[in-house]
Amino acid sequence: LDGTLLDRHLVACESNRYEEPSPSQLIVGFLESSGIVSSQEFVLKSKPEMFVRLALRVASNWEWKLDWIEERLPFSVQKALLVGLITVGVKALPVPVADFDLDKVDGAEAMAYVLYYRWVARGLLKANSFKASTKKLGETLSSA
């Protein structure tokens, strides 16, 4: 297996040459092949871990831009990707924010946690914004 094949494909995608599959399709395919997208538990064996690492490699090519991830990937894949970043990329488990101490982790682990919690915070903000706009719509419809 040619180890540079994925890198060459991603460079072609970056240079706006039409390439199939797209980076988002690659991430979805790798994570679905790993079997973790639909599972509640994040338990990995060596072969599924390889697929998660490939998905992480594709996402890192896009510099972990959350806008890109949120626009192009279904929610379940986003979650699997970011949990995979922590569990496979830095061999840790997501911890509650209250228990998290940024001073006690190395740079790669800190980046993984910061990215994960930014994604969580953005999701909460979007959910609250959606609830507020839905409530206003309901009030407008009931007064009409």
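Reader: How many aromatic pairs does a search of the whole structure find?

Author: The model examined here is a predicted one. A search of the whole structure gives an aromatic pair count of 5.

Reader: Are the rings of Phe-75 and Trp-119 stacked, tilted or edge-to-face?

Author: The ring centres of Phe-75 and Trp-119 are 5.5 Å apart. Planes under 30 degrees apart count as stacked. The planes of Phe-75 and Trp-119 stand at 25°, so the pair is stacked.

Reader: How many residues apart in sequence are the parts that Phe-75 and Trp-119 tie together?

Author: Phe-75 belongs to helix α5, whereas Trp-119 belongs to helix α6 (residues 107-143). The pair therefore ties together parts of the chain whose separation in sequence is 44 residues.

Reader: Is Phe-75 buried or exposed, and is Trp-119 buried or exposed?

Author: A residue is buried under 20% relative accessible area and exposed over 50%. Phe-75 has a relative accessible area of 57%, so Phe-75 is exposed. Trp-119 has 7% relative accessibility, so Trp-119 counts as buried.

Reader: How are the rings of Tyr-113 and Tyr-117 arranged?

Author: Tyr-113 and Tyr-117 are 4 residues apart in helix α6, and therefore about one helical turn separates them. Their ring centres lie 6.2 Å apart. Their planes are at 10°, so the arrangement is stacked.

Reader: Which residues form one aromatic cluster?

Author: The cluster includes both members of the stacked pair Phe-75 and Trp-119. It also includes Tyr-113, which is buried at 3%, and Tyr-117, which counts as buried at 18%.

Reader: With which residues is Gln-78 in contact, leaving aside its neighbours within four places in sequence?

Author: Gln-78 lies in helix α5 (residues 75-89). Its relative accessible area is 7%, so Gln-78 is buried. Leaving aside neighbours within four places in sequence, its contacts are Ile-69, Glu-70, Leu-73 and Trp-119.

Reader: Which element gives the most residues to the largest nonpolar core?

Author: The largest nonpolar core has 37 residues, and those with the most contacts inside it are Ile-27, Leu-31, Trp-64 and Leu-81. The elements that give two or more residues to this core are α1 (5-14), α2, α3 (46-61), α4 (66-72), α5 and α6. With 8 residues, the element that gives the most is α5.

Reader: Which residues of α2 are buried?

Author: The cut-off for a buried residue is a relative accessible area under 20%. In α2, the buried residues are Pro-23, Ser-24, Leu-26, Ile-27, Val-28, Phe-30, Leu-31 and Ser-34.

Reader: How many residues apart are Asp-7 and Arg-57, whose side chains meet in a salt bridge?

Author: Side chains of opposite charge can pair when their charged atoms come close. The salt bridge between Asp-7 and Arg-57 has an N to O distance of 2.7 Å. Asp-7 is in helix α1 and Arg-57 in helix α3, so the pair links distant parts of the chain. Their separation is 50 residues.

Reader: Is Glu-49 buried or exposed?

Author: The side chains of Glu-49 and Arg-53 meet in a salt bridge (3.1 Å, N to O). Both residues lie in helix α3, 4 residues apart. Arg-53 counts as partly exposed at 39%. Glu-49 has 18% relative accessibility, and therefore counts as buried.

Reader: Which residues do salt bridges that share partners join into one network?

Author: The side chains of Lys-126 and Glu-70 meet in a salt bridge of 2.7 Å, N to O. This pair links helix α6 with helix α4, across 56 residues. Salt bridges that share partners make one network of Asp-67, Glu-70, Arg-122 and Lys-126.

Terms used:
Residues numbered from 1 in each chain as written. Predicted model: local features only at pLDDT ≥ 70, side-chain atom pairs only at ≥ 80, totals over all residues. Heavy atoms only, no water. Buried < 20%, exposed > 50% of the residue type's maximum accessible area, 1.4 Å probe, protein only. Contact = heavy atoms within 4.5 Å. Phe/Tyr/Trp six-rings, centres within 6.5 Å; stacked < 30°, edge-to-face > 60°. Core = buried A, V, L, I, M, F, W, Y, C linked by side-chain atoms within 4.5 Å. Salt bridge = Lys/Arg side-chain N within 4 Å of Asp/Glu carboxyl O.
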